[in-house]
Amino acid sequence: KERIQTPYYYEHDDRGGQESSNVIQSKPKERPDDSVGSLAETALIHPSAEIANNHQQQNNAPSEIMENIKASSDDYLPYNSTLPEQIVPLQTKLEVVLSWWFSPEQFYVRLRIDEERYQDLMKQLQKHYRNKSNQQLHHQKLIQNQQLDPRTSKLPTGSLVVVRHPKHNAYYRARVLKYNESNQRYKVEVVDGGNKLIVSPNDLWMVERRFGRLAPLAISCALPAVRLQCEVKELQNRIDNYLSNDQLIEAVFLELREAKYHCKLESQGNDVKMQLISNGLLAQVFVDVDLYRLKGQTLKVQLIELNSLTNFRVKLFGHDGIFNCRQDGCDIQADMSNIVAELQSKYIDEYCTAQVIDVTNEEKLVLSLLVPSLTNQAHPTITPMPILLNKFNVYVTHVESSNCLHVQNVLWNDRVTKLIDDLYEYYECQQSSVPLAELTMGEVCASRSQHDGNWYRAKIVSLQDIEKIEVLLVDYGSREYVKHSDLKRLAPQFLEYSAFAHRVYLPMAAITGVDEERIKLEITQLTEGFELTLKVMEYRNEIWIVDITSNDYSIVSVLKDKQLVADLEHESIFNQRQTATPVPGAVVRPSVEDHEGNTQKNRARICHVDNPCQLFIQLESDMRDLNQLQETLQIISSSLPPLRDFSADRYCIAQYSVDDLWYRALIIDSHDDLIIQFVDYGHTDIVTSNKKSSLRDINDDLMRWKVYAKQCALLVQPMSLDSMVETGRKKNTSWKEVATTILRSLEEVEVQFLAEAQGVHYISVRSGEKDIAEMLVEKKLAVRMYYVPSGQLCFTSHIDSISEFYLQLERDIYPLDTMSNYLADVSKFPDVEQPQIGMICIAEYEEDGLWYRAKLLSIPRPGEYEVFFLDYGNTSTVRKLKALDSSIAELARLCTKCCLRLPENVRRWSSEAEEKFLELTAMGQTVFTVQLYSPGPNAATVELFLEGRNIVEQLVTLCEKGNLNSVSGTDSMNSSFYLLCEENRLDDSYQLDDQAHISHVISPAEFYIQITNCFDALRNMEELLAAKAGQCEVVTGEEIHNGLFCLAQLATSGKYCRGLVLSEVNGGLSKYHQVLLVDYGNRATATELRRMPEGIEEISRLAKKCCLEHYLPTDEEALGAKRWARIRSRFIEMADSGKQVFSFQIVRNDCDPMIVRLFNSSGVNVEDLIKEGESTEMDASVANVSSEDTSLKRHKPKQAFFRTNSDLDFLEH
């Protein structure tokens, strides 16, 4: 958008017709035409003599321009000439004029001090060029001087020219941006205005040398940290309402970034950026703050603008950004207008305390302002500084315990130094006149340290001895004992700062027998005085669990290498802290975060959907890396060698048939036509046999990038057809189509990883305020499934049977106590006047007289109510009900209905097993570790571990084994088949002489074995399935879901195998399913799925997933892709496609995969053979690194942590 559509110099162009009487005249009128302006005049009107001097240097005495006015007309600059460097003063407020506006990211201004210079320059350009001959003469001169080929000559990009405006015929200095061959037009940029023009070659002239002495006058600018909220043209049409050269415009140039000056613009004293943001035309972009990281923090905020309680803006103490906010609705209790008026009168431009409750999809903070008119909650005297990002640099200021530290953000270092200096100067000079601090617990005061004599802000934490008062230094985290005489009242100016120290926890605990003081000393030596990197792992209830590293070495890892600490679960830290630091007399309102376990929420996008039980997501935090990977692929893929190995599970680089772009891919089926899956996006494609040559081999560098598409499933399953009929829906209603349409319509979503079972990640997906699973349930298309997160400590709250009991997680102890305390005072809850079946209320349990959340099941007779206690799982008849606020009633239940997984060779649980189960649970006193086997609509199927062993081991011995005659006699199956399935179940009974083959290898951390004497069973299984398959019903698309156990007809051979459905594969017009063959361990593509024959499902799986003892699934990342590839190749070679026989021992069978040791025919451990094979491939110069070299590598200045022995294992990298 050009600011001056008709220029000042139109009258100087003889092609413009007669001079217009309305043309604005340049100033000063009395100045002779041969003067461009003197530096003396410039200095008078410029606010800074220094800036005037800078202009003198960059403009090189512009008066000299006219001294040579009569110079030879042939004295022209070559096209490749450059203008003097533009000098722009930074961090100084200057008057400017807007010369051209395209968008907030691209506009141009000129300093107002340069306007007369600009006008005089333009006059001389018009005078000199208005009678000049066509540019072609000058072009010919260029050709002659530079001896160019006239047939191909065109001005190169960057050429300095004088251009004639195609509309009003004025002349400007310009730079050539590019040339369009098709229409023979140049695109140029006017260097003194910034605008772009499209002109013909006849509109270009060479620049006379005197016009090249003045630096460009247009300054390329951008407003920092904003993005458009409207169309570019809309803001172009409205920008005159905010910026007008008839009014005062001032700019502060902040920094030069990517050839643009980021600046702050003010018009008539108003910040233009903030005006555009307020009117919804721009949005603030926060590059140095993660809004979702602020959630849950209690911070000091400055109220900047208040339109209403749903629309106000604040500034965080410690950050310059201004944030759009709304008040959390549950705290609003008074008349809106009165509250708004009071806040406007008392708090505008003042600081107050606020808690960040949530962040909306529009990046608006949901705050709870802790002010008297909005809440009765007391606000803290001093709040901590905000933690703005998940990763930042810190100093460790105090080590409190073996896993608790206090840190300061390096960002606040200058502020901390100034605060300490100001405290010392104030209290040392005036301490005699400053009264002593009041001796009150929690009082924040000034304390003189006994150690260094400095003054610090401190909080009183103990008053047991008047001459030995314990205080906490809020900016450092350490504690000291001081006398009362060394405590002074804190002056108001020192309360303006928030507390600079953050208390954080490392996820580790001391190993039994290790002294805590030793660990504290080790941590101090590793951290004292060093700038370290902190990464937030989890935050809840003001507890920060973090990892602290230096040069990628973690404190936790270093101490684990020294065998001082072990990993500690996050929940243990939360529970210990909540138990150890109760708030006396406080009644806490139950929160959503507590009831949902505070599972981390991630911004993500859904990149591919097959169905609600198989969708792929990409995390927003990964998008920058993914885009970089894709850019790299497009550049290098065509130069990679062609793929030679087309076997299944092979990675490659492939072009997607839809857009012809290159992607990383995995071959998932390798019959005549290949089926490939693009691993970073989830979608599939068919590569026909004649296009296999287009695939490219993948190199190690490309394999180092992680897989960015995560395969997930919603915790719902389709409603049964009978239920659909009962609810009035047609049988042919496809929940899959409706759900898939909803999911595919979403762009950015919020996901939570809730659980994992058998390789499937179960998630919740929210878009705005809507939970997608809940939406499907409300539409009567699906039912929710029960689940528990694996690896959690738990105990039973109620037992009906082994197949129906309720678990409570140990992590939910705090929310259970919070709920109990909240419901203790029943006087605040009204009576239920009209009880309705299904309503959620609170009921008094007559055995203990306490109140609990309950669901009303029935009303046997007036005054008696049968209820189900939501958080415990039992039912009871009660006589008293109270109404409950819907926000509390809708909180997630704190118990989960479960059933214990029935082993494959056990037909049913016996009464003896039921009694043993009750004995093991000990009325809820026993703490188990739970492993989710599969979620379900009626109950979650789980396995429970006690002291590392599956409790099923103690139950199966009490149960009747499966019925051997469950399969009809028509099946040609000999008795040995059943005997094998019965007796060869993998358990601890196996000794060293047990033999096995490796049926499928993924890595040493994941492979499948088959017992040697199971081969007859495998053959008989194939025969049985072939005979039974024709009698089995085909499973339709409506009923297919991930985890379905069925008969799968393989695309490669056509035979039937038992398989678990993993995913759906779209192959052209056909649809296939990828299945896990449970009797072999490998994955395959199935063309048809059939129901499992009766009795076959109960037969044990003939392949068992295993892991070698000293390998982990994470070793690929830890050891590096190259080394891991060598180890994997060596192991595959040893397996010899299942031909090699191994002896094995089971190390642990209470985990998945089972941990084993393998031995070859000579009795040598396979792990030793792998290491030997690897060492022979290592470069000798690397393998023989001398101890002196190692010492040099390890004994650097103390800038990082150094791991112990394990470092030597990785020297080859």
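Trainee: Is Phe107 buried or exposed?
Mentor: First, the basis: this is a predicted model, where local features need pLDDT of at least 70, side-chain atom pairs count only at pLDDT 80 or more, and totals for chains, interfaces and linings use all residues. Residues are numbered from 1 along each chain as its sequence is written, and side-chain values use heavy atoms, with hydrogens and water left out. Buried means under 20% relative accessible area, exposed over 50% and partly exposed in between, with a 1.4 Å probe and protein chains only. Phe107 has a relative accessibility of 0%, so the residue is buried.

Trainee: How many aromatic pairs does a search of the whole structure find?
Mentor: Rings of Phe, Tyr and Trp (its six-membered ring) pair if their centres lie within 6.5 Å; planes under 30 degrees apart count as stacked, over 60 as edge-to-face and the rest as tilted. With that rule, the search of the whole structure gives 29.

Trainee: Why is the pair of Trp101 and Phe107 stacked?
Mentor: The ring centres of Trp101 and Phe107 are 4.9 Å apart. Trp101 is buried, at a relative accessible area of 0%. The pair counts as stacked because the planes of Trp101 and Phe107 meet at 20°.

Trainee: Which residues do ring pairs link into a cluster with Tyr129?
Mentor: Tyr129 and Tyr171 are stacked, 6.1 Å centre to centre with 25° between the planes. Both Tyr129 and Tyr171 are buried. Ring pairs link Tyr129 into a cluster with Tyr171, Trp205 and Phe211.
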